[in-house]
Structures are given as structure tokens and as C-alpha cells.
Amino acid sequence: MKLYDLIWLIPILPLLGAIFNGLVSNRLGLSKSVTNAVALLGSGLAWLLGWGAIVQWVLDLGIHHTHVVRLFSWIQGGSLRILDGSLAEVDISASFQLDAVSALMVFFVTFVGFLIHVYSVGYMHDESDRAYARYFSYLNLFMFSMLVLVLGSNLAVLFVGWEGVGLCSYLLIGFYFEKDWCAAAGMKAFIVNRIGDWGFLLAIFATFMVFGTLEFTEFFPMAAAHPEHFASAATVIGLLLFVGAIGKSAQIPLYVWLPDAMAGPTPVSALIHAATMVTAGVYMVVRCNVIYRLSPTAMLVVAIVGGITAIFAATIGLVQNDIKKVLAYSTVSQLGYMFLGAGVGAFVAAIFHVLTHAFFKACLFLGSGSVIHACGGEQDIRKMGGLKKYMPTTYWTFLVATLAISGIPIFAGFFSKDEILFKAFEAGASDLNHFGSAYYTLWVLGMVGAVLTAFYMFRLVFMTFHGEFRGGEEAEHHLHESPWTMTMPLVVLGVLSIFGGLVGIPGKLFHHPEWNLIERFLEPIILPIGHAAEGGHDVSHHAVSLGMEWGLVFLSVGVAIFGIWLAYRFYMGVEALVRPQRLAERFPLAHKLLLNKYWMDEIYDATVISGTVKGSRGLWEFDARVVDGAVNGTALTTVGSSFMSGIFDLRVVDGAVNLIATCYDVASRWFRKLQVGFAQGYAMVMVFGAAILLAVYYLFKLN
Amino acid sequence: MIGATHYVALSLILLCIGLVGLMVRRNFITVLMSLELMFNAVNINLIAFSFRLGDLAGQVLAIFVITIAAAEAAIGLGLIIALVRLKDTVALEEADEMGG
Amino acid sequence: MDFLIANFGAILFYVVAVITVAAAVGVVTLRNPVHAAVSLLLAFVMVAVLFIMNHAEFLAAVQVLVYAGGIMVLYLFVIMLVKIRDIGPGKVFLSGIAPLAVLGGVVLGCLIAIGILLGSMAAGDGGAAAMTAIDGETVGNTEAVGWLLYMKYLVPFEIVSVVLLVAMIGAIVFGRRDVALAGAGEEVEP
């Protein structure tokens, strides 16, 4: 039994931890040590098993081999007639697969997840035992769902994980459910996610209708072999899948839940909204790259949505004052970059950015958690400052992660972001799918976004850690560095933020393409499409010369440094905070617009939500008036008809009875005349009687 | 020539006349007289057939009829006397003490 | 003349029949009871003639004696005794019942006629000798009738006499003034 045959166990271990913590520790109120042990075991063993399985798989089977472990047959429907007229058997099995991209995802999901579990031990130690157990139960449950998502070998199992992470996100965001705004944030996340899930479900149905199967190992080769045949279907499926990704990965227009999700505990934000759940959308798009490469339209849509989201979220992040909100909008923006990468055909770059983003964003969130912890729950950066000397470890790791996100070379984010921007430029230069000008525009947007990213991230650093503490005397006394359970993961992630990007060195710049380890690793998932031409990966690499490529590298670095310098100018030194103040006064409208996040939530409230509420109220009215009216109407009809019945009974029936009595009366009046005592009357009757008798006698005699 | 038919016809006519008179007349005395008429009709019939059949029994029966007729006439006339004494009228319709 | 002689029986019969019927109609129709009584008397006499025509001499005599002489006299006595309570200037017949009664009578008459026609009549004329014979011996009608009456029909004869007795008693009872006036159940003073 090889470890890669046990990949189904990787999600199950945290699930067992979740069940135990949820049903036993929570109910019985067991101590935190027990909860810790179970939770850390659950996620830790999953991490070790995951890494071990990956290593064995690479060594034994090689990265080109997709290892599928089929557990059992899950859904068996009958045969359905699919679009091309043939009969397809509905036979969905619960099976997991280990290939390059799922291996990569397992690699960092289990590791980062474990680190965050460790961090949470320190962060949540103030909670009650039962809440503590509940938290870890949910966290383990989340790990289970995410791992099912990345390890699933067909769209159905992926969807199970997809839904599961949505559920856990709701549970964890609304962890402090006693506070109304926390519970509301949880609901918002879930509902907005659901909208995306609807699109995803339609995509699953469409996939089945087109291909007759949901297994990745089956329909990807099918699509790749006949590109023109499946092109239009691929557009539909790709767009519908992307709807799901929009919801899950917080792109425009369904990003509104992510900033509000900061209501949950900070480790949750780190895990779910930085490293794992939100990246599920990107994972799904990269997994289905065959579908997208068949459909230029879908790819363009993905790129446009990603690019616009990247810059849109960055602009909002410029003026936010809550430390976590800045990071939240930063996440939305970076996700936009990832989709931009996928949209220009740089699927590897997109996943690479997922990986590096996991490291530095998790580090940033955990660092912010440390800061909040030190400031006694304060999250407003205007009340912080000069924390550098109180919490050095937090500061240095935070700084390193910020350098990474800004795209400074050697640090992790530089390689991935640069790759994405380069590929965008290349798509523009080579007129990919004849959308060249669109891709150029997106590249420009990406560059602008890079400036903004560097700017607002360093604004955060300067305002939080540099200068003088603005939070008041009393709070200053409580400032302290966090315990080792919290700083240790920070250090690990910080180191990874420095060196993690080196797996993706763009070796071809140095005429050594083989240096780009990650590209080589992920190559097998980019299946070759039928005949070359329209796939993003197959685009000519000669559209951009080597010199141009180097130039772009320097350009992006310069852009990042420009952003940092701007932030320094605004937020450091003697005139710190004065300059931005003046700028805000000069452009009050723009400032207000950004500060209020373009009033997106308000717009949604006024249109969609009000519309839905009014619509449902209208339906309720309809039900109350028409439907209930109809029901009441039948009741009235019944009353009326029974009234009529009563009348009928009274008049007709009784009338008939009375009629009989009247007949008797009349008849008796008649017959009375026979017996008046009038003798001659009797005589006449006798005569008639005799006549009748005779007549009857004659009749009988004649017969 | 004159067969039984003639006599029977005559008898029938007399009987019917008497019957009608019995039913129709208001005066009680006249009613009784109609009754006598009916008896005579019967007698005619009896005698006629007695002759035709050569059986004297018919004549004997006719004697009985006459006798009974006489008795009945006596009783009837007694009734008239009583009725006159009681109601002071011979109109039959007033000899009716029943209601209705 | 020859015709008359040849069909004397028939002519006589028809004449007598017509007179009888006329007298009967008179009985039924005449308003005055005395007139009706006289009409009835005529009818009786005609019936006696009919009897003679049928060789029933004894019965003819009885008819005249009893009916004409007894019963009619009785009727006239009663009429005069009750001071001829005429029914007044009112109707002779009962208007309500008259048409129906006539109808009834006619109907019954017709029905009986049908019956008679359906049956068979005794033909023949051969009873003349039997009218006057006892066991084949010619003795005369009266004797023959008497012989039959006291020999064969003695019991009915006796019963009829009892009936006569009862009738007599009944008539006497009816005639008693007190009974008529006082009604039943009261003290009777003869």
C-alpha cells in the first residue's frame, strides 16, 4: 500500500478531528489541551500524509501520471440522452486523484493550514473551552472540505468540497454569532457564494450534457482531441464555471462578502480568505484549462473580470483604515491578478501566484492578528504606529511579506506577479485570439494596479509600525510581542515569502528554461489541444523579444519602487499623514467615493436586495390575497352552497312531504263526499260499481 | 214473433228507468215508486222466461217477488211517516244528519 | 184487417209495452206524487196484461190485486196522510246528480244488454201447455202454481210469510208516534 493510494485519507483525518471536537469536546466541555491535541493531530497528520504521498508519487509514478483512487460508486442514475444524441450513464464515483496541480494545492493547503492551526492555539486561548472546541472543529471541517475540493477527480466531488468550504466559511465568519454584524457577515458570505454556486451547478449539468461524464481524466482528453467540435460548448461551460469562481473567489460583482468576512477571527481570515478558499476558484479554472483554451471568449471574460477587479479593489484599499479591510481588498485585488493570468493563458503563472500569495498573504493576516492582539482588539491603523519596537518579529515578517506582495525581486510575489504581467503583455503583443488590444489594456491596468498595491501595502506598514503610537497612553502599556505559538508560523511564512518564489524563476530569461521548476512541474496538466493555434499556451513565444522581456522586468520593479516611494512620502517622516490629508481635501469627492467603497453595498441593497424583498413581499401579498382568497372563496362557496342546500331542504324536500299531506287532504275531501249520508249518492255509486264489475267480467270473458 | 228478446228488452228498459228515477228524484215517495217499478221489471222477465222455458218455477218466484215488494212498500211507507214526523219534509236530501 | 189478425200478439205486445214505458217515464218524471202514483198504477195494469199474454193468469190476478189494489192504495193513503209534503217550487230532480245518474243508468243498461246479447236466448214458445200442467195433467194455471208453491217451494213460502210478519211489525214500530218523535232510548208511552 503506497501513500498515494491513501490520498482519500488526507481529507478524512481532519474530518475525524472535526467530528470529535464538535461532538465530544464541545458537548462535554473538555479542556483546551484535548481540543488542541485532536485538532493539531488532524491537520498535522494530513500535512505529513499529504507531503509523503506527493513525494512518493513523484518518485514512483512521475508527475505525468495522474493517480486516481476510486473509493466507491456514489451516484448512479440511469442513462440520459446527452447533446450529441448518445446515451450516457450517470455514474459518479467518489474518487480522488493526485496529479500535478492537485499535488501543488495539497502541498500548501495542508502546510499553511497546519501553521494556522498552531497560530490559532495562541490567538484563541482567551475563548471559553466550548467556543474553543467549536472553533477547531470548524477549522478541521474546513480543511476536510478544501482537501476534498482539490483532490476530487470529478466535478461532482469538487463541488462537494466547493460547497463545504462555503459552509465552513459561513460557520467561521459568523463564529462570534452573538454579535449581529458577525452573524450577518456570515450570512452575506454564504448567500453571495450561493449565487456563484448556482452557476457552477449549471456548469456541471452542461458538462454532463456535452461530454456524458464528469471525470476530469475522461472529458479533458475528449475536449482536447476535438477542439472545434466542443468550442461553443466550452464557452458555455467555461462561463458558467467562472460564475462559480466569481462567487467563491470574490471577483466583481460578487466580491462584497470578502471585506465583511473580516468579522471572523483573524486566523480564519488568514486561512480561508488568503490562502485557501478564495483560491479554489483559480484552482478550478486552472484545472479546467482545456475548456478555457477551447473558448477565446471565456478566456477574455475571465481576464477582463480579473483585471478590472484587480484595479478596482486596489483603489478601495488605498483609503481604508481598518487593517484587516486593507488586507481584504488586497486579497480581492490579488485574486484579480490570478484570474488575469488565467485569462491570458498563463495558467501556470496563475497557480504560481496562488502559491506565493498563500505564503505572503497568510503571513500578512497572521501578522495583523498579532498586531490586533497586541493592541487589545484595536483594528484602526490611525490609532496605531511605532509598533516596530514593541513587536519586532511581527514587524520583520510583516515587512518581508509586504515586500513580497509589492513585487520586489527575489521575494516571492515578484516572480509570480511578473510572470502574469509579462504574459498579459505577450498576449497583447501576439494578438492572442484577436483580442490583442484588450489584452494590452489589461496589462496597463495590471501595471497601475501594481503601483497601487505597493503603495497601499506600504502605507499599511508605515502607519502601523513606524512613527509614533497614536492609540493613547493606556493602550501603549499593553503593547507586547505575541507568544511563540503565534510568532512561529509568522517566521515560517516569512521565510517562505522570501524564498518561496524561487521555484518559479523565469529561467528562459537566462536561457535556462529548465530553472523554472514550477512550470515543469505543472506541464502535464496543460494538455495539448488538437492542432496548435488557439490555445494560450501554444501562442508563439517569439512575439516578445528577450530584450523586451528584460525591459518589462525592470519596468515592473520600477513601478513597485515608485509605489513604495510614494507611500514613504505620504506616510513617513515629519509630515506623515499631512500630505494624504491635503490630497483628500483637494479631491473630496474621490476620497469619499473610495472610502465608501464606491457605495457598492448600498447599490446592491437598493437594487438587488430591495428588489428581492419587494418581490417576495409581492408574492406574499399574492398568496395572502389571491391564493388565500381563493381558499376562503371556496370556504364561502361551501357556506353558500350549504345555505342553498338548506333552503332546498326546507322548500323542496319539505314541500314534497307537505305535498303528500296535501294530496291526502284533497283526496280525503274527495272521498268524504262518498259518505255524506246521501242515500241516492250511495245508489249511484252502487250502479257504477255494478257497471264496472260487469265491464271487467266481460273483458275477462272475451279474453 | 215476439220472442224472449222483446220481453227482456222491455224489462231492461223498465229497470233502467226505475233505476234512474231512484237516483234522481227528490221526493222520497216517488223514489219508492221507482223501486216498485224495478220490481215489476224483474217480474216481467221472470214470467216471460217461465213461459218460454215451460217451467212454472218462474211464476212461483214472481209470487215471492210480489210478496217481498209488498213488505218492502209497507216498511218504506212507514219510514216516510217517521221521516215526516221528524224532519217535516219528504225531500231525501234533508234526511241527512251526517256532516260534510 | 188480416194483418191485424195475423200479428195480433205482436201488436198487442208493442202497444202494451209502449204504454208501460210511458207510464214508467211518467212515474219518474211527474212532479206531483199523486200523478206519479196514478202513472204507476197504469204501469201495473199493463204488466198484468203482459202476464196474461204469457199464460200466467194467476199472477196477473195477483198483480192487480196486490199491487194495484194494495200497494197503490197504501201509497195514496200515505201521500194523503202526510198532507202531501210537496217538495215545493224547487226542482224535481237533483240537479247535481241527474246527468251522472242518467249516465250510470244508461251505461249499466247497455252493459246488461251486451250480456244478454252475448248469451243465448231460449227460443221457442212451447210452454203454454206446461203453464197449466201438474205432472202432465192439465189442471189450470192457478192449481198448477198452487201445487208447485206448496209442494216444491214450501220452505221459501214459509220464510216469505215470516218476512211478511216482520214487515208488519216493522211498519207498526215505524208508525208509532212516540218512537218517531222521541228517538231511541227514551221512555215510550204508547
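At 8% relative accessibility, A:Ser137 counts as buried, where buried means under 20% relative accessible area, exposed means over 50%, and partly exposed covers what lies in between, using a 1.4 Å probe and protein chains only. This is a predicted model, in which local features need pLDDT of at least 70 and side-chain atom pairs count only at pLDDT 80 or more, while totals for chains, interfaces and linings use all residues. Residues are numbered from 1 along each chain as its sequence is written, chains are lettered from A and ligands numbered from 1 in the order in which they are written, and side-chain values use heavy atoms, with hydrogens and water left out.

A:Ser137 sits in helix H4 (residues 129-151) of chain A; helices (H or I, at least four residues) and strands (E, at least two) are DSSP runs, numbered from the N terminus. Leaving aside residues up to four places away in sequence, A:Ser137 touches A:Ala18, A:Asn21 and A:Gly22, a contact being heavy atoms within 4.5 Å. Helix H2 (residues 32-60) of chain A holds A:Asn36, which is buried with a relative accessible area of 15%. With residues up to four places away again not counted, A:Asn36 touches A:Leu41, A:Val121, A:Tyr132 and A:Phe136.

Next comes helix H5 (residues 155-173) of chain A, whose 19 residues reach 26 Å from the first C-alpha to the last, close to the 27 Å expected at 1.5 Å a residue. That expected span is 1.5 Å times one less than the number of residues. Because 15 of its 19 residues are buried, H5(A) is largely enclosed by the rest of the structure. The N-terminal end of H5(A) is capped by A:Asn154, which has a side-chain oxygen 3.1 Å from the backbone nitrogen of A:Ala156.

How do two helices pack together? Two packed helices are described by the angle between their axes and the distance between the axes. In chain A, the axes of helix H11 (residues 280-287) and helix H14 (residues 323-343) come within 10 Å and cross at roughly 5°. The axes are lines fitted to C-alpha atoms, for helices over the stretch in contact, and the angles run from 0 to 180 degrees between N-to-C directions. H11(A) is therefore roughly parallel to H14(A); angles under 35 degrees count as roughly parallel, over 145 as roughly antiparallel, 65 to 115 as roughly perpendicular, and the rest as oblique. H11(A) contributes A:Gly281, A:Val282 and A:Val285 to the contact, and H14(A) contributes A:Leu335, A:Met338, A:Phe339 and A:Ala342. By class, this contact has six nonpolar residues, one polar residue and no charged residues.

The peptide bond from A:Ile252 to A:Pro253 is cis, with omega near 0°, and A:Pro253 lies in the loop between helix H8 (227-248) and helix H9 (257-260) of chain A. A:Ile410, in the loop between helix H16 (392-406) and helix H17 (412-429) of chain A, has a positive phi near 75° although it is not a glycine. A:Ile410 is partly exposed, at 47% relative accessible area.

Chain B has three helices and zero strands, following the pattern α-α-α along the sequence. Of the 100 residues in chain B, 67% are buried.

Definitions and conventions:
Polar contact = N/O pair within 3.5 Å; in protein donor to acceptor, adjacent residues only side chain to side chain. Nonpolar A, V, L, I, M, F, W, Y, C, P; charged D, E, K, R; others polar.
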